[in-house]
Amino acid sequence: GYYRYEAGYTPDFAGREDFRGSFIHPQLWPQDFDYAGKRVLVIGSGATAVTLVPALAERAAQVTMLQRSPSYVINLPQRDGLSNALRRVLPETWVYRLARGRNVSLQLLFYKLAKACPNLVRRLLLGLVRRQLGAGFDMRHFSPSYKPWDQRVCAVPDGDLFRVLRQGRAAVVTAEIERFTAGGVRLKSGEELPADVIVSATGLQLQLFGGIAVSVDGAPFEAPRSMGYRGIMLRDLPNLAVILGYTNASWTLKADLSSEYFCRLIRHLDAIGMRQATPRDSTGDVRPAPFLDLKSGYIERAAHLLPAQGDRAPWKLHQNYALDLALLRYGKLEDGYLQFSQPSAAQDEALATS
């Protein structure tokens, strides 16, 4: 993966040391922290903030979601009514496969439609939110300035965020922070938001290889100078897979395919009596492009750490499960780009003593 889990991203908030309440990043949530009856301010507008606010509203006196800019959100039921009905008449394996195929197809269709007709999809998403919140709600809090799928769309499980907003147990404020104060946050508008607890749901930090220092033949491997191969391996880096999911669909779809492909590659190495598989670009004329196609803050902050992708196969990263399914599960392993080799005993000994 590519997340740094031991610490999240926290902006440099002016006056943070002046705040007398509790300041928490969700990655480092204190065990048994008691926020019952307290005023909680959640800074952020992404998936973490969207799911935290309704959960905190169950016990907090008041919860406010403070966002610099809105995100697209959509209600997502936790229970699949159609699948539950089909279980009464069909075997479980059939129901699972039907649901999986339907969900994959709908996600891909939604993404393709958003890219082809962004204004139409924007109206659709905002219309669905308006239905959840009612005609009197200020829709500027859920009207992003960017196009759908320039950033990921946030799912609201069972509409719980909309429910606590309708009930008045939570509120949304769209504004920029000037500084922290002893009792909360002062906005650039001059308004002060009081808080006993501030939660900085401001995102994660990216980190390749889980923080491992990777080297090849004793020389440090520089990922930003490399290029992704089939969205799994990296050019000139032997025998290493980076498991990354889709940005426009379920993460596990691509993670499963990538793991399956790499196991198939290991079995192939065993079958041909080789120990190394290394992606190589013999032409050198592949044009690079950003590895991930999102404009999310956490990706833009770490763009200089990521490898590139290419403008053609097998260096191009597909955000398409159906295409990846064909290429990764059934495609040829010996495609002319993977170089198979068997290091000599002398090379092994030299590397072991370097």
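## A walk through the fold

Pro314 sits in the loop between β19 (308-309) and α8 (321-330); helices (H or I, at least four residues) and strands (E, at least two) are DSSP runs, numbered from the N terminus. The peptide bond that leads from Ala313 into Pro314 is cis, with omega near 0°. Most peptide bonds are trans, and most residues other than glycine have a negative phi.

Before going further, a word on what you're looking at. This is a predicted model, in which local features need pLDDT of at least 70 and side-chain atom pairs count only at pLDDT 80 or more, while totals for chains, interfaces and linings use all residues. Residues are numbered from 1 along each chain as its sequence is written, and side-chain values use heavy atoms, with hydrogens and water left out.

Now for the overall picture. The protein has nine helices and 20 strands, and its C-alpha atoms fill a box of roughly 70 × 55 × 40 Å along the principal axes. Of the 354 residues, 42% are buried, where buried means under 20% relative accessible area, exposed over 50%, and partly exposed in between (1.4 Å probe, protein chains only). Take the contacts with a separation of 6 or more: residues 24 or more positions apart account for 70% of them, contact meaning heavy atoms within 4.5 Å.

Let's start with the five-stranded sheet. Strands of a sheet pair through backbone hydrogen bonds, either parallel or antiparallel. Here five strands form an open sheet with parallel pairing, in the order β2-β11-β3-β4-β7; two strands pair if DSSP finds at least two bridges between them. At the edges are β2 and β7 (170-174), each pairing on one side only. From one strand to the next, the twist averages 20°. Five bridges link β3 to strand β4 (residues 62-67) in the parallel sense, and Val42 has Met65 in β4 as its bridge partner.

Helix α1 lies across β3, β4, β7 and β11 (197-200), running at about 165° to β4. Axes are lines fitted to C-alpha atoms, for helices over the stretch in contact, and angles run from 0 to 180 degrees between N-to-C directions. Ala49 belongs to this helix, which spans residues 47-56. With a relative accessible area of 0%, Ala49 is buried. Leaving out residues up to four places away in sequence, Ala49 touches Val42, Gly44, Met65 and Ala201. Ala49 and Ser200 are 151 residues apart along the chain, yet their C-alpha atoms are separated by 8.7 Å.

The other sheet to look at has three strands, in the order β8-β9-β10; this one is also open, and its pairing is antiparallel. The edge positions go to β8 (177-181) and β10 (192-194), each with a single partner strand, so one side of each has no neighbour in the sheet. The twist averages 20° from one strand to the next. Strand β9 (residues 184-187) is joined to β10 by three bridges, and Val185 stands opposite Leu193 in β10.

On to a pair of helices. Two packed helices are described by the angle between their axes and the distance between the axes. The axes of α3 (residues 92-116) and α4 (residues 118-133) come within 5 Å and cross at roughly 120°. That makes α3 oblique to α4: angles under 35 degrees count as roughly parallel, over 145 as roughly antiparallel, 65 to 115 as roughly perpendicular and the rest as oblique. Phe110, Leu113, Ala114, Lys115 and Ala116 in α3 meet Pro118, Leu120, Val121 and Leu125 in α4. By class, that contact has eight nonpolar, no polar and one charged residues; Ala, Val, Leu, Ile, Met, Phe, Trp, Tyr, Cys and Pro count as nonpolar, Asp, Glu, Lys and Arg as charged, and the others, Gly among them, as polar.

Finally, a few loop residues. Asp32, in the loop between β2 (22-24) and β3 (39-43), has a positive phi near 60° without being a glycine. Asp32 counts as exposed, at 73% relative accessibility. Phe209 has a positive phi of about 60° and is not a glycine either, but Phe209 is buried, with a relative accessible area of 14%. Phe209 is found between β12 (205-206) and β13 (215-216).
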